[in-house]
Amino acid sequence: MGRELKRSVIIGEVVYRPGDTPTDEHAKMITNPRAWGEEDTDATQAAVSPGPTPTGTTAGIGGDPTPGDAVPAPPRSGPGSGEDKWRAWAASHPELEVEPDAKKADIIAAAEDAGLLDKQ
């Protein structure tokens, strides 16, 4: 029996939600300790941290301003809502493990499951 995830993870077109047990092959690909709910140590924090973020930048849950977010949450539709914008936003949240080929809907679903966005 494999390990249970504590956070959402996207691998290719497969979305794992908290409580899911990924296949052995996919489990080997999940290297972010936060996905497994492991407490960060200085070493793991350095490995998963995107580095310092500018303070006073905007957009947290549902687009509300939150100091420290590196990239604002893009709109879900309309101008500026492309997959590239969502990938950039996901990359600024190390608690989300998103594959480079993840679709916008998968990234949004993972962010909702992780509590980073309001479910709509």
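This is a predicted model: local features need pLDDT of at least 70, side-chain atom pairs count only at pLDDT 80 or more; totals for chains, interfaces and linings use all residues.
Helix α4 is mostly covered, with 7 of its 10 residues buried. They are Asp 106, Ile 107, Ile 108, Ala 109, Ala 110, Ala 111 and Glu 112. Just after the helix, Gly 115 takes a positive phi of about 80°.

**How α3 meets α4**

Helix α3 spans residues 83–91, and helix α4 spans residues 104–113. Their axes lie 9 Å apart, at an angle of about 30°. Angles under 35 degrees count as roughly parallel, so α3 and α4 are roughly parallel to each other. The crossing of α3 past α4 is left-handed.

Which residues make the contact? The table lists them by helix.

| Helix | Residues in the contact |
|---|---|
| α3 | Glu 83, Trp 86, Arg 87, Trp 89, Ala 90 |
| α4 | Lys 104, Ile 107, Ile 108, Ala 111 |

By type, the residues of this contact divide into 6 nonpolar, 3 charged and no polar. An α-helix has 3.6 residues a turn, so residues three or four places apart point the same way.

**The nonpolar cores**

The largest nonpolar core has 13 residues. Which of them touch the most other members? They are Trp 86, Trp 89, Leu 96, Ile 107, Ala 111 and Leu 117. Helices α3 and α4 each supply at least two residues of this core. The most comes from α4, which gives 4 residues. In soluble globular proteins, nonpolar side chains tend to be buried together.

**Two residues up close**

Take Leu 96 first. Leaving aside neighbours within four places in sequence, Leu 96 is in contact with Trp 89, Ala 90, Ala 110, Ala 111, Ala 114 and Leu 116.

Now take Ala 90, which is found in helix α3. Is Ala 90 buried or exposed? Its relative accessibility is 5%, so Ala 90 counts as buried. Not counting residues up to four places away in sequence, Ala 90 touches Leu 96, Val 98 and Ile 107. Ala 90 and Ala 111 are 21 residues apart along the chain. Their C-alpha atoms are separated by 7.8 Å. Both residues also belong to the contact between the two helices, Ala 90 on α3 and Ala 111 on α4.

Methods. Residues are numbered from 1 along each chain as its sequence is written. Side-chain values use heavy atoms; hydrogens and water are left out. Axes are lines fitted to C-alpha atoms, for helices over the stretch in contact, and angles run from 0 to 180 degrees between N-to-C directions. Angles under 35 degrees count as roughly parallel, over 145 as roughly antiparallel, 65 to 115 as roughly perpendicular and the rest as oblique. A crossing is left-handed if the near helix is turned anticlockwise from the far one by less than a right angle, and right-handed if clockwise. Contact means heavy atoms within 4.5 Å. Ala, Val, Leu, Ile, Met, Phe, Trp, Tyr, Cys and Pro count as nonpolar, Asp, Glu, Lys and Arg as charged, and the others, Gly among them, as polar. Buried means under 20% relative accessible area, exposed over 50%, partly exposed in between (1.4 Å probe, protein chains only). A nonpolar core is a set of buried Ala, Val, Leu, Ile, Met, Phe, Trp, Tyr and Cys residues joined through side-chain atoms within 4.5 Å.
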